[in-house]
Amino acid sequence: MIGEWKQRILETIAMDDELSKLLWYNTEDALSREDLTEDQKYELVNCSSEHRRIYPTKYTNKVVMDQQSFIGMGVAGFAPQEVHYQYSDTYVIGYLYFYILVDNEIMDIDEGQRQDKILERIYDLFSDSRSYGMGELRIGGLSELWEQNNKFGGYQLMMRVYDFK
């Protein structure tokens with residue numbers, strides 16, 4: 001089921017008008033540009049597209065030579081819940097990670113910082129949601145994320161997943 005959950009989440013990100021513009025357009029006016037077509041949005045998740053910006057993993061599968069923004073994701077720790085030495089086989093907890101990385105040359109946008117707007121939108125779409133088949137998503141933690149000698153910066157957002165079997 002994890003593959004199906006991740007696919008639903010990737011499609012939600014790609015189909016969101018605000019996120020798709022922040023990922024597609026590298027200009028400061030990204031949010032005021034025209035909405036992407038459905039085909040352009042699908043290119044954001046298509047593994048053979050040069051416009052791919054949304055990944056089911058933490059890292060991209062190729063070296064990035066131009067200025068881009070990315071959203072990756074990962075899952076971890078899905079197991080029956082143990083609380084105060086009590087074990088429950090009907091209550092499951094796990095973690096969903098969103099990795100937001102933006103080239104430091106395109107961080108500034110008219111509305112502030114690109115990585116902040118991406119983070120805000122992901123939080124709005126997924127926090128307290130039960131729409132993805134994996135239980136209720138709640139904020140679990142947030143930390144800054146810098147990669148490739150600080151060429152890319154952003155955030156690692158952890159969402160806790162709570163579910164009854």
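Helices (DSSP runs of H or I, at least four residues) and strands (runs of E, at least two) are numbered here from the N terminus. The structure is a predicted model, in which local features need pLDDT of at least 70 and side-chain atom pairs count only at pLDDT 80 or more, while totals for chains, interfaces and linings use all residues. Residues are numbered from 1 along each chain as its sequence is written, and side-chain values use heavy atoms, with hydrogens and water left out.

In the loop between strand 5 and strand 6 lies Asn150, which is not a glycine and yet has a positive phi of about 65 degrees. Gln148, placed in the loop between strand 5 and strand 6 (152-164), is likewise not a glycine and has a positive phi of about 50 degrees. With buried meaning under 20% relative accessible area, exposed over 50% and partly exposed in between (1.4 Å probe, protein chains only), Asn150 counts as partly exposed because its relative accessibility is 45%, and Gln148 counts as partly exposed because its value is 47%. Glu147 belongs to strand 5 (residues 136-147), and its C-alpha atom is separated by 9.5 Å from that of Asp103, 44 residues apart along the chain. When residues up to four places away in sequence are not counted, Glu147 touches (heavy atoms within 4.5 Å) Lys58, Tyr59, Leu101 and Phe152.

Helix 2 (residues 17-24) and helix 4 (residues 114-126) pack at an angle of about 150 degrees, with their axes 10 Å apart; axes are lines fitted to C-alpha atoms, for helices over the stretch in contact, and angles run from 0 to 180 degrees between N-to-C directions. Helix 2 is therefore roughly antiparallel to helix 4, a term for angles over 145 degrees. In this contact, Glu18, Leu19, Leu22 and Leu23 of helix 2 meet Arg114, Lys117, Ile118, Arg121, Ile122 and Leu125 of helix 4. Helix 2 is mostly covered, with six of its eight residues buried, namely Leu19, Ser20, Lys21, Leu22, Leu23 and Trp24.

Leu23 is also one of the residues in contact with Arg53, together with Leu44, Gln68, Ser69, Phe70 and Ile71, when neighbours of Arg53 within four places in sequence are left aside. Arg53 is found in the loop between helix 3 (38-43) and strand 1 (69-83), and Arg53 counts as buried because its relative accessibility is 6%. A polar atom of the Arg53 side chain lies 3.2 Å from the backbone oxygen of Glu50.

Notes:
Parallel < 35°, antiparallel > 145°, perpendicular 65-115°, else oblique. Polar contact = N/O pair within 3.5 Å; in protein donor to acceptor, adjacent residues only side chain to side chain.
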